[in-house]
Amino acid sequence: MQKELRLSGSGGQGVITAAIIFAEAATACGMNVAQSQSYGPEARGGASRSEVIVSDGAIYHPHVEHPDIVLAMTQAAADKYAVDLDPATGILIVDSELVPNVPQAAHVVSIPITTLATREIGKALFANIVALGAITRISGIVPLDAVKNAVANRVPPHTVEANMRALMVGYEAAEK
């Protein structure tokens, strides 16, 4: 089994942090992982993407070429980073209120990620963890408990409780 994920948005949305947490959870489960990121020169507002390859075997090429799952947190990210999603099996997860024109994909999951973070946790800052919860459920690659542990180990201690709530909000929102 090898799965390729691409998380994309704009700088400041936390997609790189979410990808790192997902990669750490997969590593803790004994999987092989390659994680990389790319962002524009702007610290906030520029294009941002992070990629994770998870495999139970060797990973020979550390860059995502044909993602199985793409998360798009903005319209620009959807337009730029969903183009090479597998047309037959690819899953596109979009923030429904920030991606009004959803690109074609075999499977589209539309969730109001940022709105849920604001309404349920109190800050849009938690949108990346809401998205991580959705990715965890939709992908089925890494168990929820492993992601919870990775979140708890990565976020500042005083934010663990809010991040756990955000993770569960996303996980539950992805229920079909």
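Predicted model: local features only at pLDDT ≥ 70, side-chain atom pairs only at ≥ 80, totals over all residues.
Student: Is Leu5 buried or exposed?
Tutor: Leu5 belongs to strand S1, residues 2-10. Its relative accessible area is 1%. A residue counts as buried under 20%, so Leu5 is buried.

Student: What distance separates the C-alpha atoms of Leu5 and Ser96?
Tutor: Along the chain, Leu5 and Ser96 are 91 residues apart.

Student: How is H3 oriented relative to H6?
Tutor: Two packed helices are described by the angle between their axes and the distance between the axes. For H3 (residues 113-121) and H6 (residues 160-173), the axes are 10 Å apart and the packing angle is about 130 degrees. That angle makes H3, relative to H6, oblique.

Student: How many residues of the contact of H3 with H6 are nonpolar, polar and charged?
Tutor: H3 passes H6 in a right-handed crossing. From H3, the contact uses Leu116, Glu120 and Ile121; from H6, it uses Ala162, Arg165, Ala166, Val169 and Ala173. The division is 6 nonpolar, no polar and 2 charged.

Student: How many residues of the contact of H3 with H4 are nonpolar, polar and charged?
Tutor: The axes of H3 and H4 come within 8 Å and cross at roughly 115 degrees, and the crossing is right-handed. H3 contributes Ile113, Thr114, Leu116 and Ala117, while H4 contributes Ala127, Val130 and Ala131. These divide into 6 nonpolar, 1 polar and no charged.

Student: Why are the buried residues of H3 on the same side of the helix?
Tutor: The buried residues of H3 are Ile113, Thr114, Leu116, Ala117 and Ile121. They lie on the same side of H3 because the arc they cover around the axis is only 160 degrees. An α-helix has 3.6 residues a turn, so residues three or four places apart point the same way. The value asked for is therefore the arc of 160 degrees.

Student: Which elements do the buried residues of H3 pack against?
Tutor: The partners include strands S4 (69-72), S5 (91-95) and S6 (107-111). Helices also take part, namely H4 (127-139) and H6.

Student: Which residue follows H3, and what is its phi?
Tutor: The residue after H3 is Gly122. Its phi is positive, near 105 degrees.

Methods:
Residues numbered from 1 in each chain as written. Heavy atoms only, no water. Axes fitted to C-alpha atoms, helices over the stretch in contact; angles between N-to-C directions. Helix = DSSP H or I, 4+ residues; strand = E, 2+ residues; numbered from the N terminus. Parallel < 35°, antiparallel > 145°, perpendicular 65-115°, else oblique. Left-handed = near helix turned anticlockwise from the far one by under 90°. Contact = heavy atoms within 4.5 Å. Nonpolar A, V, L, I, M, F, W, Y, C, P; charged D, E, K, R; others polar. Buried < 20%, exposed > 50% of the residue type's maximum accessible area, 1.4 Å probe, protein only. Arc of directions from axis to C-beta.
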